[in-house]
Amino acid sequence: MKNLVKTTVVAIALLMGTMSIAQDKKANNIDDSKIGLQGYSPVSYLDMGLAQRGSKQYKSIHNKVAYYFTSAEQKTAFENNPEKYMPQYGGYCAFGIYAGAKFRVDPNKFVVSNGKYYLFLNDVEVDAKQLWVSEKESKLLATANKNWKSLKTK
């Protein structure tokens with residue numbers, strides 16, 4: 001499995017310059033709409049382990065980014081502790097951050113672990129979520145956390 005991960009990291013690194021989903025200049029994985037998590041509820045990920053689209057009716061702004069929720073209760077929970085509900089690595093693909101690159105994600109590809117949630121890209125050739133769960137998380141996190149320190153400002 002380690003060789004597969006190494007091969008995948010190399011493949012991701014080679015694709016970084018040519019893939020249109022690579023992001024270079026944002027600390028948060030958002031488009032021009034400034035809607036976080038592509039409209040999915042951060043509370044649903046963390047508290048329910050579900051990817052659920054939120055509603056404009058239950059919208060909250062945090063650090064100039066809009067987040068949508070499925071209910072008034074979710075919106076209140078978020079507003080009481082927004083940092084708890086922030087996605088790791090600004091919502092970029094956790095495995096991509098481990099590999100040293102920022103990639104947009106599929107909001108349905110995620111893992112909840114130790115009170116945090118991690119999102120992953122969905123690519124025909126790379127199942128980043130599967131690669132993440134098949135490796136020792138502490139090793140991946142150590143490298144990803146180190147990489148994020150420099151990537152988040154680029």
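**Close-up views of a predicted model**

**View 1. Strands β2 and β3 pair up.** In this predicted model, strand β2 (residues 55–62) and strand β3 (residues 65–69) run antiparallel, joined by five bridges. To get your bearings in the pairing, find Ser-60, which sits opposite Tyr-67 in β3.

**View 2. The turn of the hairpin.** How many residues lie between β2 and β3 in the hairpin? There are two, and Asn-63 in the turn has a positive phi of about 50°.

**View 3. The largest cavity.** The structure holds two cavities of 30 Å³ or more, and the largest one takes in about 110 Å³ of space. Its lining is made up of 14 residues, and those closest to the centre are Asn-29, Gly-36, Leu-37, Gly-90 and Gly-91.

**View 4. Zooming back out to the chain.** Six helices and six strands make up the secondary structure of the protein chain, and along the sequence they come in the pattern α-β-α-β-β-α-α-β-β-β-α-α. Take the contacts between residues at least 6 apart in sequence: 63% of them join residues at least 24 apart.

**View 5. Surface and interior.** The protein chain has 154 residues, and 44% of them count as buried.

Note on methods:
Residues numbered from 1 in each chain as written. Predicted model: local features only at pLDDT ≥ 70, side-chain atom pairs only at ≥ 80, totals over all residues. Heavy atoms only, no water. Helix = DSSP H or I, 4+ residues; strand = E, 2+ residues; numbered from the N terminus. Buried < 20%, exposed > 50% of the residue type's maximum accessible area, 1.4 Å probe, protein only. Contact = heavy atoms within 4.5 Å. 1 Å grid on protein atoms, 1.4 Å probe; cavity = no way out; pocket = protein on both sides within 12 Å on 5 of 7 lines; lining within 4 Å. Points joined across faces, edges and corners; volume = space filled by probe spheres on them. Pairing = 2+ DSSP bridges.
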